[in-house]
Amino acid sequence: MIGKRFKKQISTILLLFFIYKPSVLLATDVIASSNVSISSLSLNELRHIFFMRVQQWPDGTPIKVYVLKDSNELHKQFSKEKLGVFPYKLRRLWDRNTFSGTGQAPIVLDNELDMMKTISASQGGIGYARKKTINDSNPSRFNVRFINVE
């Protein structure tokens, strides 16, 4: 009797967790080209990179920032949860940099598979993807490194 009750409570907790925290299903990981020598970034460093304020890795390699389309759910999730800004604010910042001539916008890709292929083939690339997507699509195909965000 206690075992049945306990299982029901656990099931209810898990159900509520997934209902109120769907972002777990879209959790993003920061990925970079294999030649990038760092394994972790502070949140502030990550924001500076995606806000296009930092153009080089510590070893001098140019940083190539890759993102998904503004309408992509993973892009929205990454913007809000990892960078702490809404996607439209990111777009506004990139557009302002581009139109004022003070910077450039990141390279926009169509989907996660393109993201992983492009970052694998690039020097100094950084972007994001779901670890599940990488694992489900034969991880040995992609030569990317996961970057911890602290």
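## Ring pairs and salt bridges: worked exercises

Tyr128 is buried, with a relative accessible area of 0% (buried means under 20%, exposed over 50%, partly exposed in between; 1.4 Å probe, protein chains only). This is a predicted model: local features need pLDDT of at least 70, side-chain atom pairs count only at pLDDT 80 or more, and totals for chains, interfaces and linings use all residues. Residues are numbered from 1 along each chain as its sequence is written, and side-chain values use heavy atoms, without hydrogens and water.

**Exercise 1.** Classify the ring pair Phe50 and Tyr128.

*Solution.* 
- Recall the rule: rings of Phe, Tyr and Trp (its six-membered ring) pair if their centres lie within 6.5 Å; planes under 30 degrees apart are stacked, over 60 edge-to-face, the rest tilted.
- The centres are 6.3 Å apart and the planes stand at 50 degrees, so the pair is tilted.
- Check burial: Phe50 is buried too, at 0% relative accessible area.
- Ring pairs link Phe50, Phe78 and Tyr128 into a cluster.

**Exercise 2.** Classify the ring pair Phe86 and Tyr88.

*Solution.* 
- The centres are 6.0 Å apart, with 20 degrees between the planes: stacked.
- Phe86 is partly exposed at 46% relative accessibility.
- Tyr88 is partly exposed at 47%.

**Exercise 3.** Describe the salt bridge between Asp70 and Arg91.

*Solution.* 
- Apply the cut-off: a side-chain nitrogen of Lys or Arg within 4 Å of a carboxyl oxygen of Asp or Glu.
- The N to O distance here is 2.8 Å.
- Asp70 is partly exposed at 30% relative accessibility, and Arg91 at 21%.
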